[in-house]
Amino acid sequence: MRDRLQIQDIDAMRRRAGIDDVELRQAIRGLRVGALVRLTLLTGAPGAGGETLSFRITSIRGGAFRGRLASRPTSAGLSGLRVGRALAFTESHIHSLPRMRAHPDGERPGRTRVRQSSAANRLALPTPEGSP
């Protein structure tokens, strides 16, 4: 039998602290299958915290999600978890969304950058009167 994982209800924690993360809620509404989300799994040990890990969404039904572990845990209490482990969770469990890393050329993946010739990149600056 698989061990039952405990997921931190981050939304309830935020509400108790008076935090209303409107941007995160809007981003969650736009999630699609294949997107990554971050969930905090609790180790279950008294006084021990948890670890925030990435999960890839495999299905969405309203506010109910299913996903697979996409990053390997580093904490001893979760070391038995393997990448690919399935997990069901809800909107209230989503800690955050991973930030998109900037492309080395400043591009976003999936977009094509049109490069201009070096002549087009030069600025034509006005010269003071009497200068060549």
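Guide: Let's start with one term: two strands count as paired if DSSP finds at least two bridges between them. With that in hand, welcome to this model, which is predicted.

Visitor: Thanks! What makes strand 3 and strand 4 a pair?

Guide: The cut-off is at least two bridges, and strand 3 and strand 4 are joined by six, in the antiparallel sense.

Visitor: Which partner does Arg68 have in strand 5?

Guide: That is Ala86. Strand 4 and strand 5 are antiparallel too, with five bridges; at least two are needed, so this is a pair as well.

Visitor: What makes strand 2 a partner of strand 1, strand 3 and strand 6?

Guide: Let's take them in turn. Strand 1 (residues 6-7) runs antiparallel to strand 2 and is joined to it by two bridges. The rule asks for at least two, so this pair qualifies. Gln6 has Leu42 of strand 2 as its bridge partner. Strand 2 and strand 3 share seven bridges, again antiparallel, and Leu36 sits opposite Arg56 of strand 3. Strand 6 (residues 94-96) is antiparallel to strand 2 and has two bridges with it; there, Leu39 is partnered by Ile94.

Visitor: Let's talk about single residues. Why is Thr40 called buried?

Guide: Buried means under 20% relative accessible area. Thr40 has 7%, so it is buried. Thr40 belongs to strand 2. Beyond residues up to four places away in sequence, it touches Gln6, Ile7, Gln8, Gly50, Glu51, Thr52 and His95.

Visitor: And what makes the link between the side chains of Thr40 and Thr52 a polar contact?

Guide: The cut-off is a pair of N or O atoms within 3.5 Å. The side chains of Thr40 and Thr52 come to 2.7 Å, so the distance meets it.

Visitor: Is Ala86 buried, partly exposed or exposed, and what is its relative accessible area?

Guide: Partly exposed, at 22%. Buried would need a value under 20%, and exposed one over 50%, so Ala86 falls in between. Ala86 lies in strand 5. Leaving out residues up to four places away, its contacts are Arg66, Gly67 and Arg68. The C-alpha of Ala86 is 8.9 Å from that of Phe55, 31 residues apart along the chain.

Visitor: Why does Ala27 count as partly exposed?

Guide: Its relative accessibility is 30%, so it too lies between the 20% and 50% limits. Ala27 is part of helix 2 (residues 22-29). Between Ala27 and Leu97 there are 70 residues of sequence separation, while their C-alpha atoms are 8.2 Å apart.

Visitor: Which residues have the most contacts inside the largest nonpolar core?

Guide: Val37, Leu39, Leu41, Phe55, Phe89 and Ile94, in a core of 17 residues. At least two residues each come from helix 2, strand 2 (36-42), strand 3 (50-61), strand 4 (64-69) and strand 5 (86-90). Nonpolar side chains in soluble globular proteins tend to be buried together. Leu39 shows how such a residue is surrounded: beyond its neighbours within four places, its contacts include Ile7, Phe55, Leu87, Phe89 and Ile94. Across the protein, buried residues make up 24% of 132.

Visitor: Last one: which elements have the lowest and the highest mean pLDDT?

Guide: Helix 3 (residues 118-121) has the lowest, at 39, and strand 4 the highest, at 98. Over residues 105-127 the pLDDT is below 50, and this stretch has eight contacts in the model beyond near neighbours in sequence. Where pLDDT is low, the predicted coordinates should not be read in detail. The protein as a whole averages 79, and 69% of its residues score at least 70.

Key. Residues numbered from 1 in each chain as written. Predicted model: local features only at pLDDT ≥ 70, side-chain atom pairs only at ≥ 80, totals over all residues. Heavy atoms only, no water. Buried < 20%, exposed > 50% of the residue type's maximum accessible area, 1.4 Å probe, protein only. Helix = DSSP H or I, 4+ residues; strand = E, 2+ residues; numbered from the N terminus. Core = buried A, V, L, I, M, F, W, Y, C linked by side-chain atoms within 4.5 Å. Contact = heavy atoms within 4.5 Å. Polar contact = N/O pair within 3.5 Å; in protein donor to acceptor, adjacent residues only side chain to side chain. pLDDT = per-residue confidence, 0-100.
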